[in-house]
Amino acid sequence: MLSISKVQPDFFPKADNLFQSHLWGSFKELLGQKALYFRVVFNDDDGNEVAYPLLVLLRKIKDQFVYAYVQRAPNESVIPCNKTGFLEELSLALKEQLPPSILFIRYDLQWINQEPSARTEMLEIMMNYGTKFHNFKKAPSNHLPASTSILNLRQIPQHMLKNMRQQTRNSVRRAYKEGVEFSIFDAQSPEIFKRLRETYDIYKETAERKHFYYEDYSYFESLFRLNKEFMDKKAPVNFENGLVPLDAQVPPPKFYLFTAQKDGITLSGLILAICGSNAYYMYAASSMDMRHCMPNYGLQWEVMRFARSQGCTKYDLMGIPPSKDSDSPMASLYIFKTGFGGNTTHFAGTWDFPFNQEEYESFRIGESLILK
């Protein structure tokens, strides 16, 4: 039996998942989406009752429809073994809590994919196995990257260096030999918006050079301003006798801007998110100046050590090509990110559960045409 009830954002439980946090929901509302917060209650395989928080974003389609978007949830380690059956039941229960104009629910699933090279038809057969209505459809594209490299930060720094590809390790050392300097800023740093603007200029130049989509500067400024609001209202920690209670919640997510510079010139930048025990490589910028100094490699090493010092056990590099293909235009990205010694991980990706089949197919065709 599964039940769902809405909760107020301030009472939404904090967790290690950035994309299922109150801060992330608030940020998406600044961008024009609607954030809904739910408490999902169900029984696990042992019959124990489990309460699970779920953030759902509503996005408009045309004028008369909306779709619900669920990022990196539900967690496959928490839900019953029949994951797809549970997801179907969850979808049907969510429908009753969503506007009548809901067209479909879209999930970005952080479930391990054992068959990353399988065709869409086979993936849909496997996804619908164990469901009643066989209604799950693979989305035309993955919103969040389905393949990534995740670094284990439980290792001591010497082991992290040892696990790197030799060329990567040499490039990290080269950055320090060349005298590259590194800085860290958070939302409360006096210089944050000055440094953010400098980094954004490089980010925009990088995206235009590589023909990537890029956000406006206001997107990043809003992110750090909102983060400051959350940091300013955070209640001080005052645990009795210095003991942390078992039910203590993780702190709100926090964003950091890392920069690499030499001779007063900013060479590269990186926005890191930390949420509980997880660190996320969110956005990056890289100048063509002094590339021989390998600032990007030194920057990643600074990030890895910093995230580890903040109690993170995992560092998600947030996206690599699904395979090592030297002919791919993303081959250099694959080499760069996998060189740091993380575990290559393939997720199930983005899936839809439609309610209005005819309108959904129309939307799906249009979405596919845009992606071509």
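Me: How many of the nine residues in helix H1 (residues 22–30) are buried?

Reply: Seven of the nine residues of H1 are buried, and the helix is mostly covered. Buried means under 20% relative accessible area, exposed means over 50%, and partly exposed lies in between (1.4 Å probe, protein chains only). Helices (H or I, at least four residues) and strands (E, at least two) are DSSP runs, numbered from the N terminus. The structure is a predicted model, in which local features need pLDDT of at least 70 and side-chain atom pairs count only at pLDDT 80 or more, while totals for chains, interfaces and linings use all residues. Residues are numbered from 1 along each chain as its sequence is written, and side-chain values use heavy atoms, with hydrogens and water left out.

Me: Which residues of H1 are buried, and what do they pack against?

Reply: The buried residues are His-22, Leu-23, Trp-24, Gly-25, Ser-26, Phe-27 and Lys-28. They pack against strands E2 (34–43), E3 (49–61), E4 (65–71), E9 (254–262) and E11 (278–286), and against helix H7 (217–232). Contact here means heavy atoms within 4.5 Å. After H1 comes Gly-32, whose phi is positive, near 100°.

Me: How is the packing of two helices described?

Reply: Two packed helices are described by the angle between their axes and the distance between the axes. Here, helix H6 (residues 192–210) packs with H7 at an angle of about 145°, and their axes are 10 Å apart. The axes are lines fitted to C-alpha atoms, for helices over the stretch in contact, and angles run from 0 to 180 degrees between N-to-C directions.

Me: Which residues of H6 and H7 meet?

Reply: From H6 come Ile-192, Phe-193, Leu-196, Arg-197, Tyr-200 and Tyr-203; from H7 come Tyr-217, Phe-220, Glu-221, Phe-224 and Arg-225. By class, this contact of H6 with H7 has eight nonpolar residues, three charged ones and no polar ones. Ala, Val, Leu, Ile, Met, Phe, Trp, Tyr, Cys and Pro count as nonpolar, Asp, Glu, Lys and Arg as charged, and the others, Gly among them, as polar.

Me: Where do nonpolar side chains tend to be in soluble globular proteins?

Reply: In soluble globular proteins, nonpolar side chains tend to be buried together. In this model, the largest nonpolar core has 44 residues, of which Leu-18, Phe-255, Ile-271 and Met-282 touch the most other members. H7 supplies the largest share of this core, eight residues. A nonpolar core is a set of buried Ala, Val, Leu, Ile, Met, Phe, Trp, Tyr and Cys residues joined through side-chain atoms within 4.5 Å. Leaving aside neighbours within four places in sequence, Met-282 is in contact with Leu-18, Phe-19, Trp-24, Phe-255, Ile-271 and Ala-273. Another core, of 32 residues, lies apart from this one; Val-66, Val-70, Ala-73 and Leu-123 are among its members.

Me: Which strands does strand E7 (residues 147–152) pair with?

Reply: E7 pairs with strand E13 (residues 343–354) in the antiparallel sense, over four bridges. Three bridges join E7 to strand E12 (residues 314–316), and these two also run antiparallel. Strands pair if DSSP finds at least two bridges between them. Ser-147 has His-346 in E13 as its bridge partner, and Leu-151 stands opposite Tyr-315 in E12. E7 is mostly covered, with five of its six residues buried.

Me: What is the phi of Arg-72, and where is this residue found?

Reply: Arg-72 has a phi near 50°, a positive value in a residue other than glycine. Arg-72 is found in the loop between E4 and helix H2, and it counts as buried because its relative accessibility is 5%. Pro-74 is found in the loop between E4 and H2 (83–95) as well. A cis peptide bond joins Ala-73 and Pro-74, with omega about 0°.

Me: Where is Met-290, and is Met-290 buried or partly exposed?

Reply: Met-290 is in the loop between E11 and helix H8 (295–309). Met-290 is partly exposed because its relative accessible area is 21%. The phi of Met-290 is near 50°, a positive value in a residue other than glycine.

Me: Which residues does Phe-363 touch?

Reply: Phe-363, found in helix H10 (residues 357–371), touches Ile-61, Tyr-67, Leu-103, Phe-104 and Arg-106, not counting residues up to four places away in sequence. Phe-363 counts as buried because its relative accessibility is 17%.
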